[in-house]
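Welcome! Here is a friendly walk through one protein model, taken a few features at a time. Please have a look at the structure before reading on.

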Amino acid sequence: MAETAFSEDGKYYSAISQDGRLRIWDTETNVLKQEYTPDLHLSSPPCCLQWIAVASTVSPQKGSRRKSVSEPETQCIALGTSSGKILLYSISQAKVETVLKDDKKNYKIQSLDWHRKYGLFSCSNDNYIQEWDIQKSTIRNKYNINIATNNKQGNKVSAIRIVPHNQNTPAKYIIAASWQVRLWRLHDTDVSVIKCLGHNAAPRALLTIAQLNKSCWLIEGSQTERLLSFWDVTITEEHLPQTNGEDTLPTKRQRKKSISAPLIPTPTYNFVLEDAPRIIDVELKSEDNVNKLSLAAATRSGVVHYYGHMLNGASSKPIKPSVTIQVTTEDAKPLPLQCCKLPTTGDLLLGYNNGPTLLFEKITPDLKTKTQVLIRGESKSKSKANQSNEINKVRSEKQNDVTYVEPMGGVSRKRPTVGGKVEVSMEARLENLTVDVKSRSKSAVNQNMTKLLMQGLRSNDKDMVLSVLQRDETGVAQRTVGALPPDHVPLLLQQLSDMAACRTVQCAAACTWLSAVLKCHSALLLATLNSNSSDHLARLLAIFTHRRSHLCQLLNLKGRLDLTISQRSSSDEIVEQQPVLEYNDSSSDEEMEIDRYQSGSEHSWEDDDGESQASHSDQSDD
């Protein structure tokens, strides 16, 4: 039961989705070309598909000669549904042109196969093979390949493949895969088992036929096994039907005998896979009388195995892949491979998912290595870098006027147009890039400081930014920030907020540069309060507030520590203390006169006191 398939030329890729829709991609342009939703796609969804080529004819109009004009073949997709109908979807018309159905039975279509020589065959759920006449939309022949067995569940046919041959016989040969893979011969209404090709325990089998000259091979796999078997199914003369009039229809006893044959079939080759296969494709070429096999298998794990092998005899040892192909992004994110196809050009067609889209690409397998990794898609970091590069390119295109300033206050020279030549020596340009204030004029130094700061902010180089911001000079900071473009101000504020949280020296320099920013770009900061600049300013305010709140406590702590240390040092050492006041007992003439005057005044005060007391006593006697 195939759900995905390539067209014969590999130009289109078709798949049936889980909701029953048919999707068709153009592998050359990576475009989803068509999408078709069948009627009753939920109750009776399509379960298998097969690419076919239908020869379209145009009937003549009335009054003209009776002849049909044949047109080239048109590509169609045969869709087998669970209701027993087969829809023939035309790629050119983008619609269903024909509906094939069995009027007697409505069993689910399990598998479809088409060959240009033998036509369209289908297998239903009751193990009947129908041979269809597409032009008449009828069943040409019907074959019963049901075998009597106790395992009825495992006897259901999951896939069929037509085996082409070069024998002169009208018989047709088909491989049917159930719990055992068998080669059947269909002749008129007769059915017979020609060969048994091993067991298949999976409910779904993958069958692919490869033909070269008169030889034919089958590659068989299943959805639960990590092994591909390579069988020789070439039709020889001994496989031709009998011509003596005997009945060729096998009885139940003969069928049971064919099942219980003592000979155990073994494949010619076995190919090892990493995981169960999802889709396989094979191509055979003859080079220098040697048959070369090219096999590609896409697994459920999202890789493709490529095998290159020479058919030079049977081998019981499993064959490992020549190269394993993987697709990833630059961020090491795998892109799972969904399908593969071997075109006739010799390269390999791959289909992989990149997000919601399905992309196709042709590559050449590198047989020199065991693993071939393809880097596809774009990472997020790369896309951001491309955007920033585009922005920088736009800015550089806008700044067409470039001014070169010669050292030591020389005359500036201006290049008015892009590509214009300026006669400035290389030595002068190198000197112009120095950051030495003493050997240069202030204007040139400020321009160099601004360029150096811009370069450091763009590249997020901490060392380069600190080499500018650690210059704690108010004039240099104001001139440098004044020439800074507005789009660099948020980056500068971010660097200053980081410096403010560091040690005191860097915090002091950050204060100097922040004051210069507030003076030169205050209007810009007021206009962009809801941007990143407001966040950086809020962080700076919080840092400075925190530092100021702890300043008093730190000063008190420092004073107490200094006092404690000084007291402990004074207790250990005896220090001679100097007197605060020194009294000298030497006498002089001036001091004697002062003493006499002071003593006379004291006597006068005493006489006055005695007279006052006597007067008071006399008044009392009276």
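## Helices that pack together

Helix 7 passes helix 10 in a left-handed crossing. A crossing counts as left-handed if the near helix is turned anticlockwise from the far one by less than a right angle, and as right-handed if clockwise. Helix 7 covers residues 489-500 and helix 10 covers residues 532-549; the two pack at an angle of about 20°, with their axes 9 Å apart. That angle makes helix 7 roughly parallel to helix 10. In these terms, angles under 35 degrees are roughly parallel, over 145 roughly antiparallel, 65 to 115 roughly perpendicular, and the rest oblique. The axes themselves are lines fitted to C-alpha atoms, for helices over the stretch in contact, and angles run from 0 to 180 degrees between N-to-C directions.

Helix 10 has another neighbour to look at: the axes of helix 8 (residues 504-520) and helix 10 come within 13 Å and cross at roughly 130°. That makes helix 8 oblique to helix 10, and their crossing is left-handed. Helix 8 also packs with helix 6 (residues 474-482), at an angle of about 45° and with axes 9 Å apart. Helix 6 and helix 8 are therefore oblique to each other, and this crossing is right-handed.

## How to read the model

This is a predicted model, in which local features need pLDDT of at least 70 and side-chain atom pairs count only at pLDDT 80 or more, while totals for chains, interfaces and linings use all residues. Residues are numbered from 1 along each chain as its sequence is written, and side-chain values use heavy atoms, with hydrogens and water left out.

Helices (H or I, at least four residues) and strands (E, at least two) are DSSP runs, numbered from the N terminus.

Two strands pair if DSSP finds at least two bridges between them; strand 1 and strand 2 (residues 12-16) run antiparallel and are joined by three bridges. Within this pairing, A5 stands opposite S14 in strand 2.

Another open sheet of four strands has the order 9-10-11-12, again with antiparallel pairing. Its edges are strand 9 (109-115) and strand 12 (138-144), each with a single partner strand, so one side of each is left without a neighbour in the sheet. Neighbouring strands of this sheet are turned by 20° against each other on average, direction ignored. Strand 11 (residues 128-133) runs antiparallel to strand 12, and six bridges join them. Here D133 stands opposite T138 in strand 12.

## A hairpin

Which residue in the turn between strand 15 and strand 16 has a positive phi? It is D188, with a phi of about 60°, in a hairpin that has two residues between its strands. Strand 15 and strand 16 (residues 190-199) pair in the antiparallel sense over seven bridges, and H187 stands opposite D190 in strand 16.

## Empty space inside

Rolling a probe the size of a water molecule over the atoms shows where empty space is left. The search uses a 1 Å grid over the protein atoms alone: a cavity is a set of points where a 1.4 Å probe fits but cannot get out, a pocket is an open set with protein on both sides within 12 Å along at least five of seven lines, and lining residues have an atom within 4 Å of a point. Grid points are joined across faces, edges and corners, and a volume is the space filled by probe spheres set on the points.

By this rule there are four cavities of 30 Å³ or more. The largest holds about 80 Å³ of space, and its lining includes G84, D102, Y107 and W132. The second largest cavity has about 50 Å³ of space; strand 15 (residues 180-187) gives the largest share of its lining, three residues.

## The largest pocket

About 1,500 Å³ of space lies in the largest pocket. Of the 47 residues that line this pocket, E8, T208, I209, D281 and K341 lie nearest its centre. Strands that each supply at least two lining residues include strand 5 (46-58), strand 17 (205-212) and strand 21 (277-287).
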